[in-house]
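User: I have a model open and want to learn how to read it. Can we go feature by feature?

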Amino acid sequence: MSAIKAKHQRLILVLIALVALIGAALLAIYALRNQASYFYLPADIAAKPPEPGRAIRLGGMVEGGSLRTDADGVTIHFIVGDGKNRVPVTFKGIVPDLFKEGSGVVAEGKMSPDKTFVADNLLAKHDEKYVPREMKDMTEAQARAAVKETR
Amino acid sequence: MIAEFGLAALWFAAALAFLQLLAGALALTGRGEGLGAVIRPVAVVQGVLALVAFGALLTLFAETDLSVKLVAENSHSAKPMLYKIAGAWGNHEGSMLLWVTVMGLAGGFVALVEKRLPEPTMQATLAGQAFVSLGFYAFLLFASNPFDRLSPVPAEGNGLNPLLQDPGLAFHPPTLYLGYVGLSIAFSFAIGALVTREVGPAFARAMRPWVLGAWIFLTLGITAGSYWAYYELGWGGWWFWDPVENASLMPWLAATALLHSAGVLAARNALRAWTVMLGVVAFSMSMVGTFLVRSGILTSVHAFAVDPKRGTFILALLAIYIGGALTLFAIRAATVTEGERFAVTSRESALVFNNVMLTGSLGIILMGTLYPLVTEAFGEKVSVGPPYFNPVTAIFVVPMLIVLAIGPLLRWRRDNVKRIAPMLAIPAVLAVLALGAAIVLAPGRVLPIIGLALAPAIAAASVLPLRGRKLRQVKLPLWGMVLAHLGVAMALFGMASDSAFTTEKLVAVRVGDVTPVGPWSIRVAAVEPIAGPNWTALEAEMQASYEGSAPVVLRPQARTFWAPPQNTAESALHTRWNGQLYTVLGDQAADGRWQLRLWWKPFVPMIWLGGVLIALGGLLALLGRVASDVRRLVVRDRIAFRRERQGR
C-alpha cells in the first residue's frame with residue numbers, strides 16, 4: 001500500500017494535482033453550460049422561448065395599469081413589456097422600494113408551462129447610483145432594436 | 001492643510017518604498033554593501049508614513065471637510081460620528097488608501113520582528129513587499145487620489161449609502177483588508193525564498209504566523225460580512241454567491257490551503273514547491289478580488305470600458321505581479337529540491353488531499369465568478385448563482401470534510417489504516433444515525449442531508465486528537481486545530497439546518513392579527529412612525545410567543561433615509577439557543593394590511609458561531625507559535641550571552 005517508488009513521489013503528486021484541476025475545470029465548464037441563467041428581453045422570449053423550469057432573468061418595463069394584487073395581499077401579477085412583446089409575471093413577496101408601473105425591472109425566476117414568468121426575486125433600480133447590471137444596457141438594447149425597425 | 005499634509009505623506013511613503021526596492025535589489029546583487037542595512041528601517045518608516053496619510057483622511061472625514069472631493073461625495077454633516085469615520089473607507093479611494101496602509105504597516109512589522117531567516121532572504125522579502133506596495137501607491141497617486149480638492153466647495157455632502165450605515169459594516173472592510181493585505185506578506189516571503197533559493201522548514205515557520213494572522217482576519221471578515229448580508233438585506237439568506245462575496249472567499253480558500261501545506265513544510269520538510277506556489281496564489285486571489293470589486297467590471301463590462309483608467313491600472317498591476325511571480329516560480333521551481341517522502345497512508349497525504357480539494361473548489365468558484373464577464377464580452381448576458389455554485393462546490397468540499405475527520409488522527413510519514421479504524425467507530429456510528437434522522441426529517445434534500453450527517457461525525461472526530469493526552473499539557477496549536485475543526489462542524493450544521501428546516505411565512509395582516517410561523521405565533525400590536533438621526537421609519541411592534549410562552553417584542557422597521565434618499569428594511573431578530581426568529585416589515589397594501597415576512601430558522605446562528613470558533617482556533621495556534629518562537633529566541637540569546645561571557 002505504501003510502497004510508492006520513492007523516486008516518483010513528486011511526479012505522482014504533480015499528476016494528482018493536475019488531474020484534480022483539469023477535472024475541476026471540465027466540471028465547471030459542463031455545469032456553467034447547464035446552470036448559468038441567461039438574460040432575456042420580452043422580445044427574446046417571443047422569438048426563442050426558454051424551456052419552462054430553467055432559471056433565467058427577464059428584464060423590461062412594468063407595463064402601466066398591469067399591476068394587481070391577489071386577495072392574500074402578497075402575491076402580485078404584472079406585465080413586463082417592451083412596447084411590442086408582453087410577458088405576464090407572477091411574484092410572491094415584498095417588492096423592492098423603487099418597483100412601480102412604468103419603470104424598469106429585472107426579474108429572476110423561470111417560465112412556467114402556461115407562459116407565465118414566475119419570479120423568485122425582483123431587482124428594481126435601487127437609487128441614482130445603483131442600477132442592476134442588466135438594466136444599465138437595457139435602454140441601449142431597446143434603442144438598437146428600434147433603430148433596426150425604422151431602417 | 002490636512003489634505004495636503006496627507007498627500008505629502010503618501011508621496012514620501014511611495015518614495016521610501018522605491019528606495020526599499022532599490023536597496024534590496026542592489027544589496028542582493030552584491031553592489032550595495034551598506035545598503036542592506038537600511039532596508040529594515042526604511043520599511044518601518046514607510047509603514048508609519050502610510051498610516052499618517054490614512055490618519056489625515058480619517059481627520060478630514062471626522063471634520064466633514066467638504067472642500068475635499070472624496071468627503072463631499074461620500075459624507076454628510078448630519079451623519080453619526082461612527083459612520084463619518086467609517087465613511088473614510090466606505091469608498092474606492094479611501095479603501096485603496098487603507099490597502100496601502102495595511103500593506104506598509106505589515107511590511108514594517110515584519111522588518112521589525114522577523115529575525116529567524118537569513119538576512120538576504122529577508123532583504124529579498126522586504127524588497128518584494130516594496131515592489132508590490134509601489135504599484136498600489138502609483139495607483140493611488142495617479143488614478144485614485146483621495147486628497148483631491150473640490151472647487152467650489154459644496155454646501156453639503158452626498159452622504160453614505162444607508163445600507164452601509166450599520167455598526168457591523170463599519171468594521172467589516174478593515175477586518176477583511178487586514179486579511180487580504182496580510183497575505184501580501186506570504187507572497188513576499190515566497191518571492192524572497194525563491195530569489196535566494198531558501199525554501200525549507202525555516203521559511204515555512206517564518207511565514208506561518210503571518211499567514212495565520214491574515215487568515216484569522218479573513219475568517220472574521222467573511223463571517224461578519226455574511227451576518228451583515230443576512231440581517232441587513234432582509235432576504236433571510238446568509239450567502240448569495242455574489243461576486244463580491246466570492247472575492248473574499250477565494251483568498252480564504254487559498255490561505256487555508258497554504259496554512260495546511262506550510263504546516264507540512266515546517267514539520268516534515270515536504271511540499272516545498274507547492275507551499276511557495278500557494279503563497280503566490282493566495283495574495284494573487286486577494287488582488288483578483290480587489291480588481292473585481294474596485295474596477296467596476298462587475299456592474300458591467302461596458303461600465304468598465306466607459307471609465308477604463310482604474311480598471312486598466314489594476315489589471316496591469318495584476319499582470320505584473322501575478323505574471324512576474326509565476327514566471328519567477330517557473331524558473332526557480334526546478335531548483336527547489338524535492339522534500340521528504342511519505343507513504344500513501346499518512347498525515348501528509350491527508351493534507352495533500354485537503355490542499356487539492358481546496359484548490360479545486362477555488363478554481364471552480366473563480367471560473368463561476370469570471371464566466372459572466374467572459375460571456376458578456378461576447379454579447380451574451382448570463383448570471384451564475386446557487387444552482388451552479390452549490391453542487392459543484394460540494395463535489396470538492398464533501399470529500400474534503402470526510403478527510404478532515406480522519407487526517408488529524410494519522411501519523412506523519414507512515415501510518416496504518418488498521419490503527420485508526422477503531423478510533424473512527426464513534427464518528428462513523430454518529431454519521432449513520434444522523435444520516436437516518438436527516439433522511440426522515442428532511443426527505444429529498446441531498447446537500448442538507450449530507451451536511452446534517454457529516455456535522456456530528458466531524459465534531460466527534462475533531463476532539464479525538466486530544467484522546468489519551470493530559471489536557472493541561474496539550475499545546476496551544478493542537479487546541480487551535482481542535483477548535484477550528486469543531487467550528488467547521490458547527491458552521492456546517494448551521495448551514496444544513498437552515499436549508500433543511502427553515503419555515504417561511506409571507507402574509508398581509510391587520511394590526512391585531514396573529515400569524516403562526518414554526519413554533520412561534522406572532523401578533524402585530526402596532527405600526528408607528530418614528531425618527532432617527534438621518535432617517536424616519538415605520539416601526540412595527542410584534543409580540544412573538546414561542547410555543548405559547550410569554551411573548552418577546554420585536555421591532556422591525558421600514559426606514560427612509562433622506563441623504564441620500566433611499567429606503568431600507570431593518571429586520572428584527574430574536575435568538576434562542578435553538579434558532580433565530582427573523583421578521584421584516586414590508587409595504588402597506590391599498591386595503592390597509594401590512595406585508596410581513598417571517599422566518600423561523602433552527603440553529604442558523606451556528607453558522608457564524610462556527611466561523612468565530614474557526615478564527616479563535618487560528619488565534620490559539622498563532623499564540624502558541626509566537627510563544628514558542630519567543631522562547632526559542634530567548635534561549636538562543638542566553639546561549640549566545642553565555643558563550644560570550646565564557647569567551648572573555
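User: How many residues of domain 1 of chain B are in contact with domain 2 of chain B?

Analyst: This is a predicted model. Seven residues of domain 1 of chain B are in contact with seven residues of domain 2 of chain B. On the domain 1 side, three are nonpolar, three are polar and one is charged. Domain 1 covers 1-162 and domain 2 covers 505-602. Their C-alpha centres lie 44 Å apart.

User: Now the contact between the chains. How many residues does it take from chain B and from chain A?

Analyst: Chain B gives 41 residues and chain A gives 37 residues. On the chain B side, several elements give two or more residues, including helix H11 (301-306), helix H14 (386-406), strand S2 (503-509) and strand S8 (565-570). Helix H13 (347-377) of chain B is also among them. H13(B) gives the most, with nine residues.

User: How does the side of chain B that touches chain A divide into nonpolar, polar and charged residues?

Analyst: It divides into 20 nonpolar, 14 polar and seven charged residues.

User: Which strand of chain A pairs with S1(B), and in what sense?

Analyst: Start with the general idea. Strands of a sheet pair through backbone hydrogen bonds, either parallel or antiparallel. Here, strand S1 (residues 37-40) of chain A pairs with S1(B) in the antiparallel sense, over two bridges. To find the spot, look at A:Ser37, whose bridge partner in S1(B) is B:Ser383.

User: Next, the sheet with S2 in chain B. In what order do its strands lie?

Analyst: Four strands form an open sheet, in the order S2-S11-S10-S9 of chain B, with antiparallel pairing. S2 and strand S9 (572-576) are the edge strands, and each pairs on one side only. Direction ignored, neighbouring strands are turned by 15 degrees against each other on average.

User: How many bridges join S9(B) to S10(B)?

Analyst: Five bridges join S9(B) to S10(B), and the two strands run antiparallel. One pair to find is B:Arg576 with its bridge partner B:Gly579 in S10(B).

User: What about hairpins? How many residues lie between S3(B) and S4(B)?

Analyst: Two residues lie between the strands in that hairpin. Across the pair, B:Thr515 stands opposite B:Ile522.

User: Through how many residues does a hairpin join S4(B) to S5(B)?

Analyst: That hairpin goes through three residues. The strands it joins run antiparallel, with 11 bridges between S4(B) and strand S5 (residues 535-546) of chain B. Find B:Ile530, which stands opposite B:Ala537 in S5(B).

User: Last, the cores. Which residues have the most contacts inside the largest nonpolar core?

Analyst: Again, the general idea comes before the case. In soluble globular proteins, nonpolar side chains tend to be buried together. In this model the largest nonpolar core has 182 residues, and those with the most contacts inside it are B:Ala186, B:Val211, B:Ala254, B:Ala255 and B:Ile458. Helix H8 (residues 201-232) of chain B gives the largest share of this core, 16 residues. Apart from this core lies another, of 48 residues, among them A:Phe39, A:Val106, B:Val517 and B:Ala572.

User: Which residues is B:Ala186 in contact with, leaving aside its neighbours within four places in sequence?

Analyst: Select B:Met207, B:Trp210, B:Val211, B:Leu258, B:Gly279, B:Ala282 and B:Phe283. These are the contacts of B:Ala186 once neighbours within four places in sequence are left aside.

Conventions
Residues numbered from 1 in each chain as written. Chains lettered and ligands numbered in written order. Predicted model: local features only at pLDDT ≥ 70, side-chain atom pairs only at ≥ 80, totals over all residues. Contact = placed C-beta atoms within 7 Å. Nonpolar A, V, L, I, M, F, W, Y, C, P; charged D, E, K, R; others polar. Pairing = 2+ DSSP bridges. Core = buried A, V, L, I, M, F, W, Y, C linked by C-beta atoms within 7 Å. Buried ≥ 20, exposed ≤ 12 C-beta atoms within 10 Å, placed from the backbone. Axes fitted to C-alpha atoms, helices over the stretch in contact; angles between N-to-C directions. Domains from an automatic or database assignment.
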